[in-house]
Amino acid sequence: GDGVRQVVFRSVKRLIGRSYAEAWEAGIDPQKCGADPKGRADDLIRLLMPGGKTISPEEVLADLIRGLVKVAEKYLKRPVGRAVFGVPARYNKQQ
């Protein structure tokens with residue numbers, strides 16, 4: 001199609017601010033979420049992009065929010081200056 005390669009990351013919210021070791025302790029497999037397999041236990045998690053670039057979970061969520069704002073502005077036909085974005089603190093895997 002448009003030449004843009006799609007990348008899917010899982011459980012990004014759960015990875016924010018965590019090291020690989022902390023993720024494992026919480027029962028999260030960082031590699032199944034898209035984390036860079038070269039990360040050491042004490043490293044903060046970095047997500048692997050096509051071409052080998054790595055980004056933080058915070059950067060992924062920032063891009064997601066920017067995209068949501070663009071969609072909202074297109075729908076509302078006006079700029080969105082302020083918004084509330086709610087994410088449940090605790091949820092199960094089906095949610």
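**Arginine 40 and its partner**

For my own use I noted the classes: buried is under 20% relative accessible area, exposed is over 50%, and partly exposed is in between, with a 1.4 Å probe and protein chains only. Arginine 40 forms a salt bridge with aspartate 43, and their closest N and O atoms are 3.4 Å apart. Aspartate 43 is partly exposed, with a relative accessible area of 24%.

**A note on the model**

I keep in mind that this is a predicted model, where local features need pLDDT of at least 70, side-chain atom pairs count only at pLDDT 80 or more, and totals for chains, interfaces and linings use all residues. Residues are numbered from 1 along each chain as its sequence is written, and side-chain values use heavy atoms, with hydrogens and water left out.

**Salt bridges**

How many salt bridges are there? I got three, taking a salt bridge as a side-chain nitrogen of Lys or Arg within 4 Å of a carboxyl oxygen of Asp or Glu. Side chains of opposite charge can pair when their charged atoms come close.

Next I checked glutamate 59 and arginine 46, whose side chains meet in a salt bridge at 3.7 Å, N to O. Glutamate 59 lies in helix α3 and arginine 46 in the loop between α2 and β1 (47–48), so this pair ties together parts that are 13 residues apart in sequence. Helices (H or I, at least four residues) and strands (E, at least two) are DSSP runs, numbered from the N terminus. I found glutamate 59 partly exposed at 36%, and arginine 46 partly exposed at 31%.

Then I turned to aspartate 63, which forms a salt bridge with arginine 66, the closest N and O atoms being 2.4 Å apart. Both are in helix α3, three residues apart, so about one helical turn separates them.

Is serine 19 buried or exposed? I found it buried, because its relative accessible area is 7%. Serine 19 sits in the loop between α1 (12–15) and α2 (20–25). Beyond its neighbours within four places in sequence, serine 19 is in contact (heavy atoms within 4.5 Å) with Ala41, Asp42, Asp43, Leu44 and Ile45.

Glutamate 22, in helix α2, is 20 residues from aspartate 42 in sequence and 8.3 Å from it in space, C-alpha to C-alpha.

**Positive phi**

Last, I looked at backbone angles. Serine 11, in the segment before α1, has a positive phi near 55° though not a glycine. Lysine 77, in the segment after α3 (57–76), has a positive phi of about 60° and is not a glycine either. I noted lysine 77 as exposed, at 74%.
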